[in-house]
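Reader: I would like to go through some of the labels used for this structure and see what each rests on. Please set the values against the cut-offs.

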Amino acid sequence: MAAQQAERRGDVAAAARFYSRTLARDGENAQLLERAMLNQLAAGNIAEGIALARRQEALNPGHHLGVLALAADALQKPERGRVAELLGEGGPFVGQVIKAWALFADDQLDAAIAELKRLETSDANGRPGQIVGATHLGLILAASGDDSGAIEAFERATGMSEGGGSLRLVEAHARALARLGRAEDAATLIGERLAGTFGDAGLERLALEIAAGDVPAPSIRSATEGSANVLYGVARLLARGQNRAVSLAYAQIAVYLDPSLTSAQLLLAQIFDASGQYEQAIAAFEAIPADAPETLSAMIGRAEALQISGSPDAAVEAMRATVTQFPDSLEANTSLGDLLRRESRFEEAATAYDGAIGLIANPEQFHWALFYRRGIALERSKQWERAESDFRFALELQPDQADVLNYLGYSLVELGMKLPEAEEMIEKAVEQRPDDGYIVDSLGWILYRFGEFDRAVEQLERAVELRPVDPVINDHFGDALWMVGRRIEARFQWKRALSFEPEDKDAKRIREKLDVGLDKVLAREREEGLPGIIGRHSENDAGSDNASDGG
């Protein structure tokens with residue numbers, strides 16, 4: 001039970017200990033053996049995991065993870081001939097790729113090529129298997145000195161991939177082009193791929209090397225490196241699902257095969273972080289070498305882990321240090337802004353976003369989110385004119401983007417400005433995302449502000465169904481219920497809103513409503529000049545800081 005609880009928490013180290021203790025009392029239990037092996041590998045206890053894999057193979061031959069662990073162990077020793085025997089014919093594509101690299105290491109290049117060509121043309125593993133087959137065929141051809149053949153394989157892999165292929169595929173392709181004297185083609189390939197990202201240290205470094213006239217080596221040159229690469233790729237895919245322990249196991253085996261594979265080390269840190277194992281995540285981020293291409297991502301990841309684990313000041317300090325070290329990094333400056341915005345330090349966040357946007361010579365469509373985030377920080381720090389300008393520019397870059405339409409429309413209504421346009425914006429956002437509780441709440445709240453209380457109740461009730469534990473939405477629903485005479489239900493919703501820990505200013509207003517009723521609260525706010533219920537055709541220049549993320 002302790003092992004199972006540790007697994008549910010994502011604590012693979014504790015799960016490995018508890019399963020191994022239990023296994024000592026029931027050594028022939030196949031299920032216990034499998035769980036112990038998985039968690040030992042996931043925790044990075046590779047020797048213990050391989051020992052359990054041997055027992056697993058004797059008790060229940062062919063277990064996919066156990067076989068991969070044993071194949072990895074064989075690759076590290078003068079036992080490469082065993083790899084093909086362990087992995088057999090067919091099966092998951094990761095095994096076929098490792099088998100091909102083992103054949104390559106044993107000077108059986110033609111057999112390795114044949115193995116990967118079968119994978120590339122087979123439908124058994126679907127498009128992902130075909131892409132991996134073409135990619136690793138290119139990597140093996142490059143490692144063998146056949147750059148022309150490698151480029152053809154990389155082009156086939158790119159053609160099957162979405163978005164121009166992975167960054168590492170582009171890197172391997174560019175390296176092969178440069179080795180054939182096609183430096184200009186390599187630079188174009190890198191530039192086109194980077195244009196759709198916030199940057200990549202590995203590709204940027206390679207571009208500088210090629211521009212300087214250097215001839216880059218193949219990105220992968222050995223069986224252990226090639227096998228580690230495919231294990232890392234599969235680990236990345238698995239990390240997107242729920243079974244993070246398996247993803248950790250693949251990534252740990254990859255690092256075992258190639259300790260210099262810092263991308264796999266970074267993935268380990270990211271999985272620990274996503275699993276809520278922040279101490280392990282921070283330690284793993286800190287273990288990334290300072291000269292690795294992944295250093296920037298590791299520093300950002302460490303700062304974010306510090307923040308979410310309850311050390312916001314240390315997180316801000318760490319992120320500022322990251323920007324100091326990488327002042328020209330769009331990702332670093334943006335991440336600083338995001339962290340400060342999450343801490344409600346909006347004015348500082350806006351300044352950080354200023355730094356990021358200042359690095360963009362010609363904004364592209366995908367930059368809309370950066371202007372949107374700065375707009376939020378500006379609006380929350382009472383810089384409305386600049387905020388509105390950012391929101392509208394974000395819509396120029398990405399027309400009809402639902403989040404921007406919602407935020408801008410909601411803010412305009414709170415300010416009592418451009419009301420017909422604001423309503424149109426939010427209705428358009430709801431059309432795009434009818435099941436988004438925050439956007440439906442915005443529409444309901446606008447109807448409330450217009451005094452259309454029956455319609456407001458209808459929309460806000462649906463918003464509460466979509467987001468039942470959001471304090472703001474429950475509070476809004478309570479206000480609308482009060483205005484249609486459903487006072488008992490209104491008080492119930494306000495009490496629910498309080499139970500979901502609203503912001504201090506919202507909690508204070510809710511308690512006042514519970515004490516004296518909404519009518520008296522609105523009367524007081526009118527006397528203080530605060531915006532309240534407005535007519536559909538009203539326009540004023542009153543300011544408000546009540547707009548919030550997502551309505």
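Reader: Are W368 and Y372 buried or exposed?

Author: This is a predicted model. In it, W368 is buried, and Y372 is buried too. The label requires a relative accessible area under 20%.

Reader: Why is the pair of W368 and Y372 called tilted?

Author: The search of the whole structure gives 10 aromatic pairs. For W368 and Y372, the ring centres are 6.0 Å apart and the planes meet at 35°, so the pair is tilted. The cut-offs are centres within 6.5 Å, with stacked under 30 degrees and edge-to-face over 60.

Reader: What makes R487 count as sitting over the ring of W482?

Author: The charged end of R487 is 4.1 Å from the centre of that ring. The distance part of the criterion is within 6 Å.

Reader: How do you know that the span of helix α20 agrees with its 13 residues?

Author: At 1.5 Å a residue, helix α20 (residues 330–342) should span 18 Å, and its end C-alpha atoms are 18 Å apart, so the two agree.

Reader: What makes α20 mostly covered?

Author: Of its 13 residues, 11 are buried, including L330, L336 and R341. Among the elements covering the buried residues are α18 (295–308), α19 (312–325), α21 (346–357) and α22.

Conventions. Residues are numbered from 1 along each chain as its sequence is written. This is a predicted model: local features need pLDDT of at least 70, side-chain atom pairs count only at pLDDT 80 or more; totals for chains, interfaces and linings use all residues. Side-chain values use heavy atoms; hydrogens and water are left out. Buried means under 20% relative accessible area, exposed over 50%, partly exposed in between (1.4 Å probe, protein chains only). A charge sits over a ring if NZ of Lys or CZ of Arg is within 6 Å of the ring centre and within 35 degrees of the ring normal. Helices (H or I, at least four residues) and strands (E, at least two) are DSSP runs, numbered from the N terminus. The expected span of a helix is 1.5 Å times one less than its number of residues. Contact means heavy atoms within 4.5 Å.
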